[in-house]
Amino acid sequence: MPNLGSIKLAMGNEMREVVMYILVGSIAIVAALLFCVTADAGSREQAQRIHNRIAGVSPLAVRLDEMAALIQTGSGTEEENAQAAAFIAMQHPDFYRTTLKNFSTPWTNRDQDVFAALNDYSATVIGMVRDDVDFREILTGDIVYLAPNVAVPGYSTSDNRHYEELEQQGLDLASVLVRSDQSSLTGVPPEATAGVITTRAGARAFFIAGTNRAMFRFTLLNHLCMDLEEVKDITRAPDRIRQDVTRSPGGDSRLFRNNCIGCHSGMDPMTQAFAYYNFEYDPDNDPEGNSGQLVYNRSGTVDVFTGTRVVKKYHHNQNNFPTGYVTVNDNWDNYWREGRNQRIGWDSTLTGSGTGAKSMGRELANSQAFAACQVTKVFREVCLRDPVDAADRSKIDSMVSSFSNSGFKLKQPFAESAAYCRGG
Amino acid sequence: MRFTGLLFKSVARVGLTGLLVSILSACSGGAGQETEENPDLAAPAGSSQSLVLNGPAALTTDVQGFRVNLWENIAPDNRCGQCHGSSGQSPSFARNDDINLAYEQVNPIVDLNQPSQSRMVSKVGGGHNCWLDSDQACADILATWISNWAGDSAGTSNAVELRAPTLRDPGASKSFPSDPGVFASTVHPLLLAYCSNCHTDTAANPQSPFFAVSDVIAAYAAARSKIEIDDPPNSRLVVRLGGEFHNCWTDCNSNASEMLAAIETFVASIPETAVDPDFVTSRSLTLLDGIVASGGGRVDTNVIALYQFKTLSGSIAYDTSGVEPSLDLSFSGDVSWIGGWGINIGDNGKAQGLTSTSKKLHDLITSTGEYSLEAWIASANVTQEEARIVSYSGGNMTRNFTLGQTLYNYDFLARSSTTDGNGDPAISTPDADEVLQATLQHVVATFDPTNGRQLYVNGSLIDVRDGAGGTLNDWDDTFAFALGNEVSGDRLWRGLFKLVAIHNRVLTPGQVLQNFDAGVGERFFFLFGISHLINVPEAYIVFEVSQFDSYSYLFSQPYFISLTSPVTFQGIALRGMRIGINGREPEVGQAYSKLDITLDDSLYSAGTGQPLSAIGTILGIEKGADSDEFFLTFEQLGTHSNVRVEAVPDPLPTSPDGDALPDIGIKKFDEINASMSSITGVPTSNLDVLGTFLTVRQQLPVTANIEGFLSSQQMGVTQLAIEYCSSLVEDPVLRGNLFPAFDFNAVPVSAFDTAGRDALLIPLMDVVLGVNLGSQPDRNQTRTELESLITNFASSGTTAERTRTIVKATCAAVLGGAAMLIQ
């Protein structure tokens with residue numbers, strides 16, 4: 001940092017004074033702001049906040065004027081005018097490059113690390129929002145976004161350099177991202193694509209090693225806003241729990257009957273949808289899988305270990321409980337359509353069973369919990385807090401309705417949340 | 001001639017009831033006679049006394065096999081020979097006057113195909129004059145001797161003869177209550193009054209079972225097996241008096257009636273379990289109705305120490321290998337018995353043999369130069385390190401062999417001429433494979449001079465390289481054999497043992513697999529009758545059932561079968577099968593509730609029936625293995641149906657309102673970076689900025705929660721602000737765009753005159769604070785602060801560089817403040 005160094009050399013103790021000034025000044029300004037926010041906010045203040053919340057940066061003066069004017073003199077209701085202003089803010093590149101990137105990045109890795117690099121998972125979320133794609137396709141679509149027309153390394157099924165370079169260059173993702181078919185890039189057949197589930201980043205995070213249950217758990221966590229603890233139901237039939245789940249952990253079967261069965265009885269028959277997927281990598285020389293890639297066992301492929309298309313990991317630790325379920329195909333069933341997890345709000349027009357990741361993704365994406373989860377995540381992102389009271393819950397409900405009734409376009413809850421939390 | 005095969009089994013089990021009566025009659029006196037004399041079995045096992053065989057030589061090799069393997073072990077007069085000798089009670093299988101006559105006598109009470117099912121074994125196991133403290137241990141040892149006699153023919157048959165059980169409706173039978181209260185006031189007083197001279201552990205000649213002890217709980221536990229609550233007149237407590245004239249106190253008939261009346265009063269107090277009348281149910285069964293599955297198939301030809309942990313009480317694990325001397329293991333610390341046979345090692349636990357009896361391992365293994373260590377175990381966790389599972393050692397640093405655990409690995413230390421005295425270097429299962437799991441596993445460690453050490457887990461040879469094995473000449477015969485710890489007691493292993501066997505030969509890979517496939521523990525076949533529901537004669541649904549551990553049963557691999565052959569049936573729907581226990585369906589573990597299958601003779605074979613499922617499931621033990629009653633229910637079976645519709649769950653209650661949360665927040669790391677870039681015009685890709693941002697990125701806020709803002713985060717914001725402002729001021733184009741009227745080449749005195757300050761501060765505040773925004777800091781106050789800063793800095797320095805430095809500082813003071821940070 002040569003410039004910073006020159007300041008230090010030139011100013012010595014004065015540098016510390018600057019720093020102290022910023023610190024003290026910040027505290028003073030925060031206090032001033034806390035006072036300010038209690039006062040009624042006018043259209044300019046509302047426009048300023050909406051822009052900050054949507055794009056993560058303050059608006060340029062001209063954009064602030066435009067939004068404020070819209071809020072003040074727009075043709076709709078006060079709420080509709082505020083939403084219209086929010087849609088203007090969404091035109092800012094940082095809505096995509098910053099807000100949506102940070103919004104989606106924690107979903108792309110097990111640690112929910114917000115600092116992870118841009119990847120095909122997060123880029124696909126960004127592109128889908130930009131293009132108003134039905135957001136349910138995030139778990140079903142033959143879709144991926146990339147930037148083929150800029151000077152960065154091309155898309156690769158075995159590394160993430162394309163996206164890392166895009167991020168490093170600070171490019172306007174809203175301009176450079178182009179929609180493509182996953183199947184044309186990855187070799188996974190169209191019917192086996194399932195939105196972000198079958199992106200390289202998704203596979204690297206959740207199909208790597210293990211048993212593929214992580215993909216289900218994290219999809220549930222990120223897109224239905226539920227961890228397994230919340231959906232635990234020990235009364236479901238355990239007939240699809242695989243052999244690798246010991247029925248007597250440490251010699252005490254009570255643990256299985258009271259705990260393990262609660263998640264596995266529902267999770268294992270769903271996770272069977274991923275039975276043909278694996279993320280192949282070199283665990284010795286590339287333990288993080290940076291150069292690994294998604295592999296799908298197409299029709300006709302026979303895994304040497306299982307003797308079917310099912311990948312080896314599904315028969316992992318088969319002697320832990322020899323009369324456990326042996327996976328022979330990718331048929332999945334949703335046992336949670338009965339019992340307490342009916343509350344998830346499954347789509348009654350679907351059957352609750354199917355073959356492969358795409359139809360299982362459809363089962364999840366068409367649940368009421370999926371829509372509510374997306375809306376609630378947006379609410380938190382824009383309002384900077386959880387919904388806490390009846391008014392907030394009512395707003396969430398109305399946003400879920402409008403999200404569901406308007407083609408599942410994610411910009412809609414962004415606009416509605418920004419209007420709801422605009423202040424004033 | 002050897003009685004083998006299925007014919008013998010059926011004959012043996014049915015016909016021996018009569019034989020048993022004669023045996024028992026012979027052992028006891030008639031009405032009013034004195035208590036039978038118990039043999040003196042106090043002499044230590046194996047110290048056979050004056051065993052001399054007279055008479056003709058064995059006529060066949062099988063007779064000779066009987067003599068060598070069984071007779072020589074049971075004929076001494078401190079064992080069966082005391083009563084069942086030449087002039088003793090019938091059957092005289094321990095006679096020493098003619099081995100061929102003894103052979104004739106023993107045949108009806110042994111089952112060479114299933115030695116453990118021999119009448120001799122069950123008789124002793126039921127409490128008949130065991131020479132050890134554990135009846136079960138004597139039974140197991142007898143079974144081992146019979147197995148040795150049977151040789152290869154023992155236990156190799158997996159065929160099971162299915163027999164129709166007694167048909168009962170679920171709930172029609174009663175279960176023993178857990179509370180012994182009524183027993184204490186009905187049956188127990190009679191037992192105390194008339195049976196306590198013998199059937200207590202404190203009697204001069206204690207006779208098990210000890211149902212006449214004063215501790216009512218212990219007495220109740222012992223008496224339950226002698227009471228038939230579904231058929232009180234057939235209770236052993238009654239039959240022994242009325243039919244077998246066993247030590248009656250006055251008149252046998254009236255004594256039997258008195259006992260029967262007490263039992264009937266007790267039974268009458270037990271309520272029947274109600275079964276939902278809408279259920280479509282099979283007939284019911286208890287564990288006693290189960291047909292014992294062949295436990296055979298194990299290769300124990302060269303076993304020299306064997307622990308099956310069947311005793312379930314006391315503090316000794318008996319060596320039931322039948323190889324003298326018995327290497328029995330005494331418990332210390334927290335060692336507890338577990339259901340379904342086994343022991344659990346807890347705090348400071350250890351099961352250890354004497355050095356004197358452990359010496360047999362040394363003697364028998366060094367004579368062959370090879371051995372196998374086999375165990376069915378379940379580690380309590382995968383976090384324990386340097387834990388000793390099975391050890392034959394002298395302490396921490398010296399041993400003959402040890403099987404241990406380190407995290408996910410099994411370790412095998414085996415002393416030989418190629419290792420040191422501690423068995424090092426050890427071999428271990430590979431770290432990455434995580435072979436050791438905290439569940440029941442079959443582990444075999446072998447050693448031989450050619451292949452050295454090898455490890456098998458669940459029947460598979462683990463790929464661990466080892467050199468040649470060398471010799472065992474350096475083995476120490478003063479070491480002790482222990483389970484669950486080092487003999488020094490400081491290498492605890494937490495977990496379960498279900499079986500441990502030491503062989504003085506190497507098990508081949510095929511034999512290891514055979515022993516793995518044979519499994520561990522007792523298994524039964526349950527035949528749930530369903531002929532009353534479908535038009536098929538003698539129709540049953542068969543489950544293989546075992547006690548999985550102390551808390552659960554394992555039901556597995558059901559199939560449909562008819563005991564009538566040939567049989568025809570078509571298109572019988574079977575859907576939604578559940579297992580019922582004690583009149584109700586447990587909510588948890590119903591693995592067959594999704595079953596939807598059609599019974600059809602096209603899918604049926606006479607021997608194996610029609611498979612229903614390959615799945616197993618565990619269900620919780622309720623009253624106990626000797627009391628629980630099982631049945632099946634069906635949503636549909638044939639024309640009978642009881643469709644279940646699950647209730648719609650109530651909606652979740654509305655969450656209470658939470659505390660009000662701040663309406664504002666702080667920008668997050670990327671937003672801060674983007675904001676500074678937007679304000680200054682310096683692109684985020686600027687190398688100086690990028691470098692600093694990457695340095696401080698993880699120091700910046702990651703959530704918008706203003707209440708979580710930290711001073712360290714402000715330091716990161718400050719560093720980044722300074723970098724942006726520095727890059728801005730050093731770039732003539734960018735600074736010209738933002739501050740077009742400010743002279744960056746002037747010295748401070750002139751640069752920061754009134755006009756210069758306007759040229760700097762007004763655009764700076766415009767871009768950072770915004771214009772006409774009531775939610776931002778007051779511009780006048782902010783300007784006053786900045787003016788003060790400039791005045792202070794401008795009082796020294798006389799160069800244009802100094803001017804630019806002051807601009808950087810002023811810029812950073814605004815850019816790094818809350819006006820940018822708060823959203």
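What follows is a short tour by topic, from confidence through overall form to a few local details.

Keep in mind that this is a predicted model. Chain A averages a pLDDT of 92, and chain B touches it through 93 residues that meet 76 residues of chain A.

- In chain A, 91% of the residues reach a pLDDT of at least 70.

**Where the chains meet**
- On the chain B side, the residues touching chain A split into 37 nonpolar, 37 polar and 19 charged.

**Chain B as a whole**
- The C-alpha trace of chain B spans about 135 × 70 × 60 Å along its principal axes.
- Chain B holds 21 helices and 28 strands.
- Of its 823 residues, 48% count as buried.
- Looking at contacts in chain B with a separation of 6 or more, 68% join residues 24 or more positions apart.

- Helix H19 covers residues 779-794 of chain B, which makes 16 residues. From first C-alpha to last it reaches 22 Å, close to the 22 Å expected at 1.5 Å a residue.
- Which residues of H19(B) are buried? They are B:Thr782, B:Leu786, B:Leu789, B:Ile790 and B:Phe793.
- Look down the axis of H19(B) and those buried residues fall within an arc of 95°, so they line one face of the helix.
- Over on the other side of H19(B), you'll find B:Asn780, B:Thr784, B:Ser788 and B:Thr791 exposed.

**Cis peptide bonds in chain B**
- The bond from B:Glu324 to B:Pro325 is cis, with omega near -5°. B:Pro325 sits in the loop between strand E5 (316-317) and strand E6 (329-332).
- The bond from B:Ser565 to B:Pro566 is cis too, with omega near 0°. Look for B:Pro566 in the loop between strand E22 (552-562) and strand E23 (572-581).

- A:Ala209 has a positive phi, near 50°, despite not being a glycine. This residue lies in the loop between helix H11 (200-206) and helix H12 (213-223) of chain A.
- Is A:Ala209 buried or partly exposed? With 14 other C-beta atoms within 10 Å, A:Ala209 is partly exposed.
- B:Phe309 is another non-glycine residue with positive phi, near 55°. Its place is the loop between strand E4 (303-307) and E5 of chain B.
- B:Phe309 has 28 C-beta neighbours inside 10 Å, so it counts as buried.

- B:Asp251 is in the loop between helix H9 (236-242) and helix H10 (252-268) of chain B.
- B:Asp251 is partly exposed, as 13 other C-beta atoms lie within 10 Å.
- B:Leu241 is 10 residues away from B:Asp251 along the chain, and the C-alpha atoms of the two are separated by 9.1 Å.

How values were computed
Residues numbered from 1 in each chain as written. Chains lettered and ligands numbered in written order. Predicted model: local features only at pLDDT ≥ 70, side-chain atom pairs only at ≥ 80, totals over all residues. Contact = placed C-beta atoms within 7 Å. Nonpolar A, V, L, I, M, F, W, Y, C, P; charged D, E, K, R; others polar. pLDDT = per-residue confidence, 0-100. Helix = DSSP H or I, 4+ residues; strand = E, 2+ residues; numbered from the N terminus. Expected span 1.5 Å × (residues − 1). Buried ≥ 20, exposed ≤ 12 C-beta atoms within 10 Å, placed from the backbone. Arc of directions from axis to C-beta.
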